[in-house]
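The topics are taken in turn after the display.

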Amino acid sequence: MGLDLFGLPDSGTIRRVRGATGIGSLPGTDIDEAARIVVGELPELPHVPELPARGVGADMIGRTAGLLVDLAIEVITSGYRVTARPGRDHRRAVDLLRGDLDAFDEALERAGAQPETIKVQAAGPWTLMSNIELMRGHRVLTDHGAVKEFSESLAEGLKQHAAEVAKRTGANVVVQLDEPGLPAVLQGLLPTPSKLGTVPAVPEPDARAVLATVIDALKDHEVVVHCCAPQPPLKLLREAGVKAIAFDATLVKGADALDEIGETWEAGTTLALGLVPSVDPGTPVTLKDVGQRAFILADRLGFPRSILAEKALPTPTCGLAGATSSWVKRALSLTRDLSSAFLEPPEGW
């Protein structure tokens, strides 16, 4: 039976997954410690941590490229490029991810944890194709044939990855697609590799169709798209078929943005609200400081506050790769406590 992460299994019986989750990345290079922290602080919806500080193959693009089926990448001066066959850079990405899964399994075992749901993350198709060059030097997303090949390869790789995690853990697996670059793709803001011009904007129907290809391939798993840009394209993502959209709720400004959030909730899509600072702000932060924004949002949009328990999930505003180790624990603890506050709002909120 397929689990709707935020409400309904496909049998139609209500079954809500409680808890909170992180966006994905953590600081440092110790994957055993990172896995231990995530499992301990986010017991109901832990995620496989990412440690981009380890360098090539551990960053979002290299890590995801390692999942591609029948496509290989290599590192060049400007970033990543397609190559004819897997080499050292590609193998490093594959090996790092395999080790991360082993560390995550061990952290679950040591903690005696058996979460019903686990989240994995990867770059979404447009962010991935924006950051990899073809052999002739152009970005992958500029070639229609390459776009089809990459999106299908990514879909198959993610399907295999999620299936492996499900088999290892016995849990339902949520797949998060990170699309920080999607707004730039839609607005034609990406520079060409020469930096002398910009890549033409991708029409919304084309962007939506590619996302839908990947999401449809993951029909056995819930899919959430994370976009930390100031104005994430909520309508496009909703129409592409995602179950949930994660974004930085502290960046929401203007009536149009509020209207789009309201329409997304009305459509039944869950919002993973980024509320907890991803780096230490340098001043004391209370649960009320980070949580009231969500309640005010529901009030302004005219929803009952119960919408937060039914169709919202708290997260940090973005990944925690730039945080100190002490702030990581504080941020995840606040996120977890905020999930409880969504269910039972503290008096005075």
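Predicted model: local features only at pLDDT ≥ 70, side-chain atom pairs only at ≥ 80, totals over all residues.

D70 is exposed, with a relative accessible area of 75%; a residue counts as exposed over 50%.

**The loop at D70**

- D70 lies in the loop that runs between α2 (60–65) and β1.
- The phi angle of D70 is near 60°, which is a positive value in a residue other than glycine.

**The sheet**

- An open sheet is formed by 3 strands, arranged in the order β1-β2-β4, and the pairing is mixed.
- At the edges stand β1 (72–76) and β4 (132–133), each of which pairs on one side only.
- Strand β2 (residues 79–83) and β1 run in the antiparallel sense and are paired over 5 bridges.
- Y80, in β2, is the bridge partner of V75.
- In general, the strands of a sheet pair through backbone hydrogen bonds, in either a parallel or an antiparallel manner.

**Aromatic pairs**

- The count of aromatic pairs in the model comes to 3.
- The ring centres of W265 and F303 are 5.4 Å apart and their planes stand at 70°, so this pair is edge-to-face; planes over 60 degrees apart are classed in that way.
- This pair joins distant parts of the chain, since W265 belongs to helix α9 (residues 255–266) and F303 to the loop between α10 (287–301) and α11 (307–311), 38 residues apart.
- W265 and F303 are both buried.
- F295 and F342 also make an edge-to-face aromatic pair, with 6.1 Å from centre to centre and 80° between the planes.
- Here too distant parts of the chain are linked: F295 is in helix α10 and F342 is in helix α12 (residues 325–343), 47 residues apart.
- Both F295 and F342 are buried.
- F295, F342 and W349 are linked by ring pairs into a cluster.

**Cavities**

- Rolling a probe the size of a water molecule over the atoms shows where empty space is left.
- There are 2 cavities of 30 Å³ or more.
- The second largest cavity has a volume of about 30 Å³.
- Its lining consists of G19, A20, L42, P43, E44, L45 and R336.
- By residue class, the lining of the second largest cavity divides into 4 nonpolar, 1 polar and 2 charged residues.

Terms used. Residues numbered from 1 in each chain as written. Heavy atoms only, no water. Pairing = 2+ DSSP bridges. Helix = DSSP H or I, 4+ residues; strand = E, 2+ residues; numbered from the N terminus. 1 Å grid on protein atoms, 1.4 Å probe; cavity = no way out; pocket = protein on both sides within 12 Å on 5 of 7 lines; lining within 4 Å. Points joined across faces, edges and corners; volume = space filled by probe spheres on them. Nonpolar A, V, L, I, M, F, W, Y, C, P; charged D, E, K, R; others polar. Buried < 20%, exposed > 50% of the residue type's maximum accessible area, 1.4 Å probe, protein only. Phe/Tyr/Trp six-rings, centres within 6.5 Å; stacked < 30°, edge-to-face > 60°.
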